Amino acid sequence: MGEMTEFKRPEKPSRIFGSELFSGVDPLFIPNLKIATPKGYIIGPEDELQLDIFGNNISSQKLMVSPDGFINVKYAGPVNVSGLSIEQASGILRSRLIRYYPALSSGETKLQLTLGSIRSIQVTLVGAVRKPGTVTLPSIATLFNALYASGGPTENGSFRTIELVRENKVIRIADLYDFLLKGDQSANLYLHDNDVIRVPFVKNQVKFEGALNRTGIFEMKDSEQLKDLIDIA
């Protein structure tokens, strides 16, 4: 007799509006590791930075951020960059090095600070997510990247009140409907090491059927009325 193969019933597509973000064949929210260093990227220990000076003067240095947040820059010495954005650190280095490269003041010499290699961070997802727990992501990952890594909200999870918690404070509440309906990614913040993402359980859901552009199950905020969801559908 041949081997028995267990039959697995295909998973029924979810009718929750927004669930297609996390079930498509082509993932929408995978970090792009080839992008230029975002100016708002926050530097942390174990980052490798690339400092380039070009123009009238030419210099190039690879700088490793120490566990206590310092880099050792030629001429400038130890500089604490932990917790600074790339843009802020560039300004500090420019002010420290301008005495050694006077052409920085006239613009004839330029200074550029970029991310040399990408470290890893750990983010914890709790609440109504498909795969709760701690995930390891590239340090340029965003809130949406982490949600994708977790499989997204469950059938009874909220798509509209997702909390980004940093140092025990909620710093942002993300509404994925803003992205779905308007392409608004203002809540798609870059993550920090040890951030927590909390997906609460949904409070109000409304099912729409019939002659609508969109049918399915929609989440309604306490501040909304039925006509608001009809507009969405």
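This is a predicted model: local features need pLDDT of at least 70, side-chain atom pairs count only at pLDDT 80 or more; totals for chains, interfaces and linings use all residues.
Residues are numbered from 1 along each chain as its sequence is written, and side-chain values rest on heavy atoms, with hydrogens and water left out.

Five helices and twelve strands make up the secondary structure of the protein chain; helices (H or I, at least four residues) and strands (E, at least two) are DSSP runs, numbered from the N terminus. The chain comprises 233 residues, of which 41% count as buried (under 20% relative accessible area, with exposed meaning over 50% and partly exposed the range in between; 1.4 Å probe, protein chains only). When contacts (heavy atoms within 4.5 Å) between residues at least 6 apart in sequence are considered, 56% join residues at least 24 apart.

Strand β6 (residues 120-127) pairs with two strands, β7 and β10, where pairing requires that DSSP find at least two bridges between the strands. With β10 (residues 196-199) the sense is parallel, over four bridges. L125 takes part on both sides: G133 stands opposite this residue in β7, and I197 is its bridge partner in β10.

Six aromatic pairs are present in the structure. Rings of Phe, Tyr and Trp (its six-membered ring) pair if their centres lie within 6.5 Å; planes under 30 degrees apart count as stacked, over 60 as edge-to-face and the rest as tilted. The ring centres of Y75 and Y101 lie 6.0 Å apart and the planes stand at 70 degrees, so this pair is edge-to-face. Y75 belongs to the loop between β3 (70-73) and β4 (77-80), and Y101, 26 residues apart from Y75, to the loop between α1 (86-97) and α2 (103-106). Y75 is partly exposed, with a relative accessible area of 45%, whereas Y101 is buried, at 9%.

The pair of F144 and F179 is likewise edge-to-face, because the centres are 5.5 Å apart and the planes are at 65 degrees. Helix α3 (residues 143-149) carries F144 and helix α4 (residues 176-182) carries F179, 35 residues apart; both residues are buried. A single aromatic cluster is formed by F17, Y177 and F218.
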